[in-house]
Amino acid sequence: MTLLAQVASDFNELTSSEVDIAQNIAFGMIAAVMLFSAFRTVTTANVVHAALYLVIVLAGVAALFILLGSDFVGATQVLVYIGAIIVLFLFGIMLTKARLGDDESVESERRGMGALVGILLLVVMGYALVDTFENAELTFGEPEPIAYVPTEVTVGDVPTPVLEALPDVFAGLGDDDEVTISQADFDSLVPEVQRRVPGAEVFGNNKQIADSIFSQYIVPFEAVSVLLLAALIGAIVVARKE
Amino acid sequence: MLLNQFLLLAAALFCLGVYGVLTRRNGVLVLMSVELILNAVNINLVAFGAFQDNVVGDVFAVFVIAVAAAEVGVGLAMVLLMYRNRKSIDFTEVDMMRG
């Protein structure tokens, strides 16, 4: 028995570390692409190329959000940044006729000072981070069990994987019959099939995000909406012709 | 995954953004560098949120994205105004408020 438990725990150890390796490879690739693109964004002489490199950086940030399990923030990043802000930048470039092609070459003095400040900042922040968080692991833990409220559904609306996984429940029923999948039957399914069952609650942490935005953080949320309105009016007032 | 790999990547992005703000003369490119800085902060917020296993980091990251959108709108309007008045968007030439 102990041997069996040992083997089982070894197996769990192996799979979780394999997941970790896959995550680390994904992180390394995203990080390398992002750093290169960010470097090109701040050094390339071509203004339009800078905007396009910025798109790659923003997409990499969205990928990191998804890697961290924050799919809602990742989707918002794609919609707002890549969808809206980059378009705004491209309009800005076009409307200012910034001599498409060159940002008049930076004086070497400014470039040297900028590089000095940037590297000093990186060294100080890097030392502080390594000193403080040394080997703190990001643990995602076991996925929470999927909540289920037994509901009455029409057999025709039940997805095929669920029909195949529970042949006893649906035996001898036509497409128009109504049936209720019991909690015990639901618990016997694997998670991939469970999330297809009508009535299963699969929202990830999006539900928690919505809850906290519209309860605990409702005042900042309203403040941001007023801020956006003010920014909209302000931009019109600043940019319109007299 | 280590928490530090996200924080160090964000620190590198932040420093590249600072370098861009300090060296770029074109107003639009300075605003792009500011976006790099804001994104570095967002990575930190979401990474700490995942580290502490709550959604507060995500919520604040969404707020930062909204504020960044407002900032770009107003910033680009100001760059446009400057271009219309001076036919140039070189930030080193902006000295109207010099005492």
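1. A residue is buried if 20 or more other C-beta atoms lie within 10 Å of its own. By that test, buried residues make up 55% of the 99 residues in chain B. Note that this is a predicted model.

2. Start with the fold of chain B. There are three helices and zero strands. Along the sequence the pattern reads α-α-α. The radius of gyration of chain B is 17 Å, well over the 13 Å from the globule rule for 99 residues, so the chain is more spread out than a compact globule. Its C-alpha atoms fill a box of roughly 50 × 25 × 25 Å along the principal axes.

3. Next, contacts inside chain B. Take those with a separation of 6 or more: 45% of them join residues 24 or more positions apart.

4. Now look at where chain B meets chain A. The contact takes 58 residues from chain B and 74 residues from chain A. On the chain B side, helix H1 (3-23), H2 and helix H3 (56-86) each give two or more residues. H3(B) supplies the largest share, 21 residues. By type, this side of chain B divides into 45 nonpolar, nine polar and four charged residues.

5. Is B:Asn44 buried or exposed? It counts as buried, because it has 20 C-beta neighbours inside 10 Å and the cut-off is 20 or more.

6. Which residues does B:Asn44 touch, leaving aside neighbours within four places in sequence? The partners are B:Leu7 and B:Ala10. B:Gly27 lies 17 residues away along the chain, and its C-alpha atom is separated from that of B:Asn44 by 27 Å.

Key
Residues numbered from 1 in each chain as written. Chains lettered and ligands numbered in written order. Predicted model: local features only at pLDDT ≥ 70, side-chain atom pairs only at ≥ 80, totals over all residues. Buried ≥ 20, exposed ≤ 12 C-beta atoms within 10 Å, placed from the backbone. Contact = placed C-beta atoms within 7 Å. Helix = DSSP H or I, 4+ residues; strand = E, 2+ residues; numbered from the N terminus. Nonpolar A, V, L, I, M, F, W, Y, C, P; charged D, E, K, R; others polar. Rg over C-alpha atoms; globule rule 2.2 N^0.38 Å.
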